[in-house]
Amino acid sequence: MTALNRVPSLMARAGTASALTIAAVGGSIVVPGVASDAAAATPATKALQIAASKKGSPYKWGAAGPHRFDCSGLTLYSYKKAGKSLPRTAAQQYNKTRHISAGSRKAGDLVFFHSGSNVYHVGIYAGKGKIWHSPKSGEVVKLQKIWTKSVWYGRVK
């Protein structure tokens, strides 16, 4: 029986019950028009959570999951699981996103590392100047502070 179905039966057994009473006996309160946390999560938030869940997965060039990743493979996999499609490489992903300023960045946005006009690495912004990424051969998916100012930001459409 789902929590949604339990509320009426709990109320019927208890007569008129307060929200606190229902909560105390393990029921749920459903308020019309208010999304649950899961339903309120954006694709960007979901992608960030998926990337974080891959912490410790080994780097492998050309890999896009579910157990090994290169940098763009991790972002591709995370957004695909969140219901959005991205192209395969970091540069292609940069070209597919809506470019935003550092001041507009939000958790779940993509962070593109560049040298001149060449994009060479990508990660998912986690907030507080950190990203989830799959850095290089011999390393694993991890949360790391952004180490350079040579980054651009993109929001997945």
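Start by selecting Arg98, which you will find in strand S1 of this predicted model. Is Arg98 buried, exposed or partly exposed? Its relative accessibility is 46%, so Arg98 counts as partly exposed, a class that lies between the 20% limit for buried and the 50% limit for exposed.

Next, show what surrounds Arg98. Setting aside neighbours within four places in sequence, Arg98 is in contact with Tyr153, Gly154, Arg155 and Lys157. Pick Tyr153 from that group: 55 residues separate Arg98 and Tyr153 along the chain, yet their C-alpha atoms are 8.4 Å apart.

Now colour S1 together with strand S6, residues 151–155. These two strands pair in the antiparallel sense over 3 bridges. Look for Ile100 here, which stands opposite Tyr153 in S6.

Zoom out to the whole sheet. Its 6 strands run in the order S1-S6-S2-S3-S4-S5, and this open sheet has antiparallel pairing. Which strands stand at the edges? They are S1 (98–100) and S5 (142–145); each has a single partner strand, so one side of each is left without a neighbour in the sheet. As you follow the order across, the twist averages 45 degrees from one strand to the next.

Then bring in the helices. Select H4, residues 43–53, which packs on the sheet and touches S3 (118–127) and S4 (130–133). The direction of H4 makes about 100 degrees with that of S3.

For the last stop, select H5, residues 71–81, lying across S2 (110–115), S3 and S4. Compare its direction with S3: H5 runs at about 45 degrees to that strand.

Terms used:
Residues are numbered from 1 along each chain as its sequence is written. This is a predicted model: local features need pLDDT of at least 70, side-chain atom pairs count only at pLDDT 80 or more; totals for chains, interfaces and linings use all residues. Side-chain values use heavy atoms; hydrogens and water are left out. Two strands pair if DSSP finds at least two bridges between them. Helices (H or I, at least four residues) and strands (E, at least two) are DSSP runs, numbered from the N terminus. Axes are lines fitted to C-alpha atoms, for helices over the stretch in contact, and angles run from 0 to 180 degrees between N-to-C directions. Contact means heavy atoms within 4.5 Å. Buried means under 20% relative accessible area, exposed over 50%, partly exposed in between (1.4 Å probe, protein chains only).
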